[in-house]
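Hi,

Here is the structure I said I would pass on.

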Amino acid sequence: MHDQAASLRRQLEISKNPRQARTIAVVSGKGGVGKSNVALNFSLELLNQDKKVLLLDLDVGMGNIDILLGLHSEKTIVDMFTDHLSVHDIIKTGPRDLAYVAAGSGLTDLFMMDQEKRDYFYQQYDELVKMYDYIIFDMGAGATNDSLSLIIASDECIVVTTPEPTSITDAYGMIKHILNKQRNMPISVIMNRSASLKSGYQALDRFQRVVTQFLDVEIHKLGILPDDKIVSTAVIRQIPYVLLNEKAAVSKAIREIASNYTTYGTEYQQQKSTSFVKRLKQFMMER
């Protein structure tokens, strides 16, 4: 009876507030650039703009969204398949009513689903897009052939990098990898851990020019985030930095990035005529 009542409430909410969520894949070319922190705090700032957001931790082997939140998730996305749970059974609520799904230790199996599990995933995801404005994938660093299917099926991609040469090189390789599979993928870039505003924008400008010159594509410079000590403090205390200190430089910067995103994001709204699920089905069949 409880499940039926919950289902009826969701259907009522959907009928009153019809939505078609945009799926955003947050990626990085290498680990250690702060991608998960960016995805989490970006999601919280979108919520602060009265958007409904679902954050899915899809970082294989390194899922840590619940750790960054200081919360424990008894059910993960892995349990949805192993126990045939509804996706609503694994969604947890964090600060600012953030809806999130933890990764789980056996997430590798998610990218090797048989047809039955794929169909179940498609069915569950079709429900989610009607309930949220944004569904954000926190993907693992780099890309395997399996995880790449989820990335290129998304409506758009946000690449997180830092000014370090190795990080820049890996971010370039990641973008090249994505474009080889999906030439029309809208790509934005966030330059994290910038020593200063000036050096951050200089690094972002250089990166954009290189991508334009050698890959013949325009990427959107979403913004820069300063190298702020509050970030490591927030990680240790397991409190997102936008909540720990909203006046910190990095908190102000991610707030501005979220505001810029919702302003420019409408440019991409009509670029993909098919849904995430339809695109994912297509890419899975082509593999």
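Thr23 is buried, because its relative accessibility is 0% (buried means under 20% relative accessible area, exposed over 50% and partly exposed in between, with a 1.4 Å probe and protein chains only). The residue sits in strand E1, residues 22–27; helices (H or I, at least four residues) and strands (E, at least two) are DSSP runs, numbered from the N terminus.

Before I go on, the housekeeping: this is a predicted model, so local features need pLDDT of at least 70 and side-chain atom pairs count only at pLDDT 80 or more, while totals for chains, interfaces and linings use all residues. Residues are numbered from 1 along each chain as its sequence is written, and side-chain values use heavy atoms, with hydrogens and water left out.

Back to Thr23. Its side chain makes a polar contact of 2.8 Å with the side chain of Tyr125. (A polar contact is a pair of N or O atoms within 3.5 Å; within protein, one must be able to donate a hydrogen and the other to accept it, and residues adjacent in sequence count only if both atoms are side-chain atoms.) If you skip residues up to four places away in sequence, Thr23 touches Tyr125, Ile135, Phe137, Ser154, Asp155, Glu156 and Phe276, where contact means heavy atoms within 4.5 Å.

Now the nonpolar cores, meaning sets of buried Ala, Val, Leu, Ile, Met, Phe, Trp, Tyr and Cys residues joined through side-chain atoms within 4.5 Å. The largest one has 57 residues, and the members that touch the most others are Phe121, Ile135 and Ile178. Phe121, with neighbours within four places in sequence set aside, is in contact with Met80, Phe81, Met113, Leu150, Phe276 and Leu280. There is also a second, separate core of 36 residues, and Ile24, Ala39, Leu44 and Leu225 are among its members.

Val53 is another one to click on. It lies in strand E2, residues 53–58, and counts as buried because its relative accessible area is 1%. Which residues does Val53 contact, leaving aside neighbours within four places in sequence? They are Ser43, Leu46, Leu47, Leu98, Ala99, Tyr132, Tyr134 and Ile136. Val53 and Ile136 are 83 residues apart in sequence, but their C-alpha atoms are 7.5 Å apart in space.

On to charges. I get eight salt bridges, counting a side-chain nitrogen of Lys or Arg within 4 Å of a carboxyl oxygen of Asp or Glu. Glu45 is in two of the pairs I looked at. One is with Arg96, at 3.1 Å from N to O. Glu45 lies in helix H2 (residues 35–47) and Arg96 in the loop between strand E3 (92–93) and strand E4 (99–101), so this pair ties together parts 51 residues apart in sequence. The other is with Arg255, at 3.5 Å from N to O. Arg255 belongs to helix H12 (residues 249–264) and Glu45 to helix H2, so here the linked parts are 210 residues apart in sequence. As for accessibility, Glu45 is buried at 2%, whereas Arg96 is partly exposed at 29% and Arg255 is partly exposed at 28%.

Asp205 and Lys221 form a salt bridge too, with their closest N and O atoms 2.5 Å apart. Asp205 is in helix H9 (residues 197–215) and Lys221 in strand E8 (residues 220–226), so the pair ties together parts 16 residues apart in sequence.

Last, the strands around E7 (residues 187–194), where seven of the eight residues are buried. E7 pairs in the parallel sense with strand E6 (residues 156–161) over five bridges; two strands pair if DSSP finds at least two bridges between them. Val160 has Ile190 in E7 as its bridge partner. From E6 the chain crosses through helix H8 (residues 165–181) to E7 in a right-handed β-α-β crossover, which means that, with the strands pointing away from the viewer, the path from the first strand over the helix to the second runs clockwise. On to E8: it runs parallel to E7, and five bridges join the two. Met191 stands opposite Ile224 in E8, and E7, H9 and E8 make a right-handed β-α-β unit.

Cheers
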